[in-house]
Amino acid sequence: WFDLAEFPAAPDAPRIEFPANGMELRTYKIPVKDLRETYKWEEIVEAAKKIEPTAITKAETLSWEVPEEGEDAHFLIWHGPLVQERDGAMRIGVSGRTTAIMFDGRLVLAPGDGGRTTDVFVKRGIHKLTVFSIAMPKEKSVEVLRARPNPNAAEVKMLPFTASDFQVVEGLPEIDKAETSEITGEENRWILKTAAREIRHIDFE
C-alpha cells in the first residue's frame, strides 16, 4: 500500500547528509538518561550533524548487534545508495524503540515507537535511503528488512537486504528526489495527477 499522493502535501523534511561512501552504518552511544521520550525528525537530523559517531562501518546488510554488554542506548543511522533494477513496490521494515525512514529525500516513515514498516514505489535507478533506529540496552540486535512483490506468493515475506542492494550499477539513473503526485480540489471534485502505475487496489483515507 504505497502512497500515490497526499492532500495537503506534506512539507519537505530536512535530509541527513553524509559523504557518499556507499551504504554505511553510523552508531552513536547515548546514555539512557539523555534519551527523550519522543523525537522529531528535525531533532534527529541536528543530532547527526553535531554528534560524532562512535563507529562508522560499511554495511553489506542492514543489521546491527550490540558490541558489548552495557547500560547505554545506541542511535543507529544507515545511509547510502539503494539500487533498484526495475520499477516496483517495496516494503521496508525496521526494529527498535524509535524508528524512522527517509527515501529519496521524502520522510516515508516519521519518527514513532517500535518496529514498523512502510511501503514505497521504487523506480528503476539508484536511490538514497536513510534508516534511523534507537536500540535500548536490552535490545541485542536491530535489523532492517525488505520485501518486493511476488505474484506467486499469497503473503508478503520480509527478507534481509544484501550487498547487491547497495552495489551501484553503471547505466542506472541516479534519483535524488522522490517522484510525487498531485491532488487538486475543485468544489466537490478531487483530481489526482500521477505517473502510470500497475496497481490492484486504491484506498482513500
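Biologist: On what basis are values reported here?

Modeller: The model is predicted, so local features need pLDDT of at least 70 and side-chain atom pairs count only at pLDDT 80 or more, while totals for chains, interfaces and linings use all residues. Residues are numbered from 1 along each chain as its sequence is written, and side-chain values use heavy atoms, with hydrogens and water left out.

Biologist: What makes a space in this structure a cavity, and how many are there of 30 Å³ or more?

Modeller: A cavity is a set of points on a 1 Å grid over the protein atoms alone where a 1.4 Å probe fits but cannot get out. The structure holds two of 30 Å³ or more.

Biologist: What makes the lining of the second largest cavity nonpolar by class?

Modeller: Lining residues have an atom within 4 Å of a point. Here they are Tyr 28, Ile 44, Ala 47, Ala 48, Ile 51, Phe 75 and Ile 77. Ala, Ile, Phe and Tyr count as nonpolar, and the lining accordingly has seven nonpolar, no polar and no charged residues. Helix H1 (41-50), a DSSP run of H or I with at least four residues, gives the most, with three residues.

Biologist: How is the lining of the largest cavity divided by class?

Modeller: That lining has two nonpolar, three polar and three charged residues. Among its members are Arg 15, Glu 17 and Lys 128; Asp, Glu, Lys and Arg count as charged.

Biologist: Why is Ser 63 called partly exposed?

Modeller: Buried means under 20% relative accessible area and exposed over 50%, with partly exposed in between (1.4 Å probe, protein chains only). Ser 63 has 37%, and is therefore partly exposed. Ser 63 lies in strand S3 (residues 63-65), a strand being a DSSP run of E with at least two residues. The C-alpha atoms of Ser 63 and Glu 143 are separated by 4.1 Å, although the two are 80 residues apart along the chain.

Biologist: What makes a set of residues a nonpolar core?

Modeller: Such a core consists of buried Ala, Val, Leu, Ile, Met, Phe, Trp, Tyr and Cys residues joined through side-chain atoms within 4.5 Å. The largest has 24 residues, and Leu 62, Trp 78 and Leu 129 are among those with the most contacts inside it. A second, separate core of 19 residues includes Ile 16, Ile 30, Tyr 39 and Ala 100.

Notes:
1 Å grid on protein atoms, 1.4 Å probe; cavity = no way out; pocket = protein on both sides within 12 Å on 5 of 7 lines; lining within 4 Å. Points joined across faces, edges and corners; volume = space filled by probe spheres on them.
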